[in-house]
Every structure is written in structure tokens, then in C-alpha cells.
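Subject: Structure handover and findings

Hello,

Here is the structure for you to pick up. My notes on what turned up in it follow below.

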Amino acid sequence: MGKRKSCTIRELARHVGLSTCTVSKVLNYPAEELSIPKSTQEKVRKAARELNYVPNVNAQRFFMRRSFVIGLLVPSQDEMGHNVFHDTHFAEIMSGIEEALCGTAYNLLLLFNRPEYKQENRYAGMFSSGLLDGLLIWGAHRSERDLELLAELSGPRIFLTSIPDSGKENPPLHYIVSDYEQSARGIAARLKEDGCRSFCWLAGKADTSIIPQLLAGMESAGVIPSPDAIRYSDYTEADGERLAAELLENGTYDALVATAPQLARGAARYMEQHSLSIPIGCFDGQKQTRLESDRFISALTNDVAIGKNAVEQLLALMEAKKELVQMKIPVSFSDERIRTVS
């Protein structure tokens, strides 16, 4: 069976008796954004299906100055040390992105931030060539050497889950993150209500924007951990167990807080093995990944909302409806009260 012949937008316009501009709007914009009568829209879409209309991507870019492509830039596997889809926060953000893209004309292009691409400044070329209309950047660290390149991109872009440090002389950057100040403030306040006064902290990686947010949240609750009470590491249970041993062996602290649930679980395992009864709080949990065996109170991020807002706010930037996007998505807290590990 031969390949079905397609038609051009001009042929489609002649067939329905409308201008190419009107036909283009019907085919490229959500129905609710158009002032064109519903009957006319349906007439165009029906004819497009019958005549096998196939859009010319290059023509779209030239005439509409849009590619209808949004990029999602993520760290490479070499940089992360594991597949990006193993990160449950990222998977939930992707769910929100998918939900927000439904009903729009936009497609998502997944980009891996490999070292050779950074050297070529490939992302600037994608904007200048018209390949991308906007860019979402996930997983960027404040200390990354290439952060300046990402910050200097000319096209609309939003950082997700991290607040980049652009420097005092640079314009403010767009970001959407979980409200980690609220998270740390809420956890610290709950632990204080249960009588805790001396805190130690398994903080995770030192070069993320989460750290200053968590510090600010704890300080607002009246908790100021000393440098000796903080340990930085990877987000692993093994690190949580090892570093909890360093912090708790002298009996100095009556509460332990952890940035991630893996660290909290490692600390809990150490306490069980040594019959310690010390409350644990976690700053960065998720409702769907909490375990029945977890014996700590946790803040719960809303990553789906980050993904949905990311698309909606990026489109607003692209359409000049917004000048600045700086959003902190509220967290919730696990229902259970603090239970000590014993």
C-alpha cells in the first residue's frame, strides 16, 4: 500500500475557503484562545484530517517565529552518578509537565547537559536558530562552572528546584522551587514542641541552593546548628548511618534533622542498632515514597505542582505576560506525630 499523499497549508486553505493565516491559527493554537467560530475551527480540523495535512516545521518557525518546542535540560548520567529517571522528584515533575502540556501546541525536547555541549554553548545556538521557544533547567547546582552560560541565555528559561546565584550585577533569574524555608521551619518547630533543644543535621550536598534555604528556615524557628553539628555528604542511607555515628556517639544532641529520607533512614538504622531514642525530622520527603517503617516526621514536597507551574509560567514568559517568575511551592507535612527510634 502506497504512502498517503499530504497537502500543504495553502492547499488546505483553498479547500476550506479561508486565508492561510486563519487556518494556521486554528491548527497551532488551543481552541479556547481563538476568537474564530467553533464551527469554522471544526471545519478546518476535519479538512486537515481528510487531506492529510502535515505541517512544515521550517515554515512554522519562519512565519510564526515559533518552533512550539520547549526544552528540558537535565544533568548527564555521568554527572549525577545514576539515571535521571531514578530520581522520584524528577519523575513527579515530569508528570506535572505532561499534564500542563496537554491542550497546548507545544512539544517537549529532553536535553542532557553533557560537558561537550557546555563547551559549544549549544543551548544558545538552539535559541538563536529558533529550535527552542523556551527552556526548563532541572538539577543545576549553584557552584556549577557552566551556570553563567545558562544564566546568560537570551531565551526564556526557568530553573527548577534550585535557586541559581546569578551575582549582584546580573538581572534576577527565573525559578520555581519547593518552599524549603517553610519545610525546615515546620520540622524544627515540631521538634522543639516535643522538647528538643540541641540539633544536629545531615545536610546532603553542600553546593545546592537547598542548604541556605533550610538554614534560613531553621533559624526562623529559633534553631541555629553549629558548624560542628552539620555533616555534608551524598544522599545515601550508608552516609546517613556513618555520619549519625559521628554526631551521636557523645550524647550531645537530642534531635537529628536530615535533608533527605535516605539520610534519615540511615540515621534511624544506627539508632536502632545502638538503642538510642532521638527524634528525627526530614526536610525533603514525598508522600508516595514514604515507607511504613519510617519513624520520622517529614515535609512532603509537591513536585507535580512544580512541573505544572513550570510550563504555565514559561509560556507566560514567552508570551510576555510575565516579567519575572520566582515561585516557592508550599510543602505539607506527614500526618503522624514524631515517634522516637528505640
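The largest nonpolar core has 25 residues. I70, I97, L136, W138, I158, L160 and I176 have the most contacts inside it. A nonpolar core here is a set of buried Ala, Val, Leu, Ile, Met, Phe, Trp, Tyr and Cys residues joined through side-chain atoms within 4.5 Å. Buried means under 20% relative accessible area, exposed over 50%, and partly exposed in between (1.4 Å probe, protein chains only). At least two residues of this core come from each of β1 (69–75), α6 (88–101), β3 (134–138), β4 (157–160) and α14. Helix α14 gives the largest share, 7 residues. Another core lies apart from it, with 23 residues, among them A188, L191, M218 and A221.

Some ground rules. This is a predicted model, in which local features need pLDDT of at least 70, side-chain atom pairs count only at pLDDT 80 or more, and totals for chains, interfaces and linings use all residues. Residues are numbered from 1 along each chain as its sequence is written, and side-chain values use heavy atoms, with hydrogens and water left out.

Overall numbers

The protein chain has 14 helices and 12 strands. These are DSSP runs numbered from the N terminus (helices H or I, at least four residues; strands E, at least two). Of the 342 residues, 48% are buried. Take contacts (heavy atoms within 4.5 Å) between residues at least 6 apart in sequence: 71% join residues at least 24 apart. The accessible surface comes to about 17400 Å², and carbon and sulfur atoms hold 49% of that. Areas come from the Shrake-Rupley method with a 1.4 Å probe; for residues, only the protein chains shown count as cover.

Buried positions

I176 is one of the core residues with the most contacts. Beyond its neighbours within four places in sequence, I176 touches I158, F159, L160 and Q313, among others. Q313 sits in helix α14 (residues 303–318) and is buried at 11% relative accessibility. Its side chain makes a polar contact of 2.5 Å with the side chain of K322. A polar contact is a pair of N or O atoms within 3.5 Å; within protein, one must be able to donate a hydrogen and the other to accept it, and residues adjacent in sequence count only if both atoms are side-chain atoms.

Q286 is in the loop between β9 (280–285) and β10 (297–300). Its relative accessible area is 3%, so Q286 is buried. A 2.4 Å polar contact joins its side chain to that of T88. Past four places in sequence, the contacts of Q286 include H89, E92 and D303.

A258 lies in strand β8 (residues 255–258). Its relative accessible area is 0%. Leaving aside neighbours within four places, A258 is in contact with residues including W201, L202 and F283.

Salt bridges

The count is 11. The rule: a side-chain nitrogen of Lys or Arg within 4 Å of a carboxyl oxygen of Asp or Glu. E181 pairs with K328, with the closest N and O atoms 3.1 Å apart. E181 is in helix α10 (residues 180–193) and K328 in strand β11, so the pair ties together parts 147 residues apart in sequence. Both are partly exposed: E181 at 26%, K328 at 32%.

Which residues does R269 bridge to? E237 is one, with the closest N and O atoms 2.9 Å apart. The side chain of E241 is another, at 2.9 Å, N to O. R269 is in helix α13 and E241 in helix α12, 28 residues apart. Salt bridges that share partners also join R231, D239, R242 and E246 into one network.

Surface and backbone

F85, L110 and F112 make a nonpolar surface patch of about 250 Å². Patches are made of residues with over 30% relative accessible area and no salt bridge: like charges are joined within 9 Å, nonpolar side chains (Val, Leu, Ile, Met, Phe, Trp, Tyr) within 5 Å. F112 is in strand β2 (residues 107–113) and is partly exposed at 35%.

S275 has a phi of about 55 degrees, in the loop between α13 (261–273) and β9. A320 has a phi near 60 degrees, in the loop between α14 and β11 (326–329). S275 is exposed at 64%, and A320 is exposed at 66%.

Best regards
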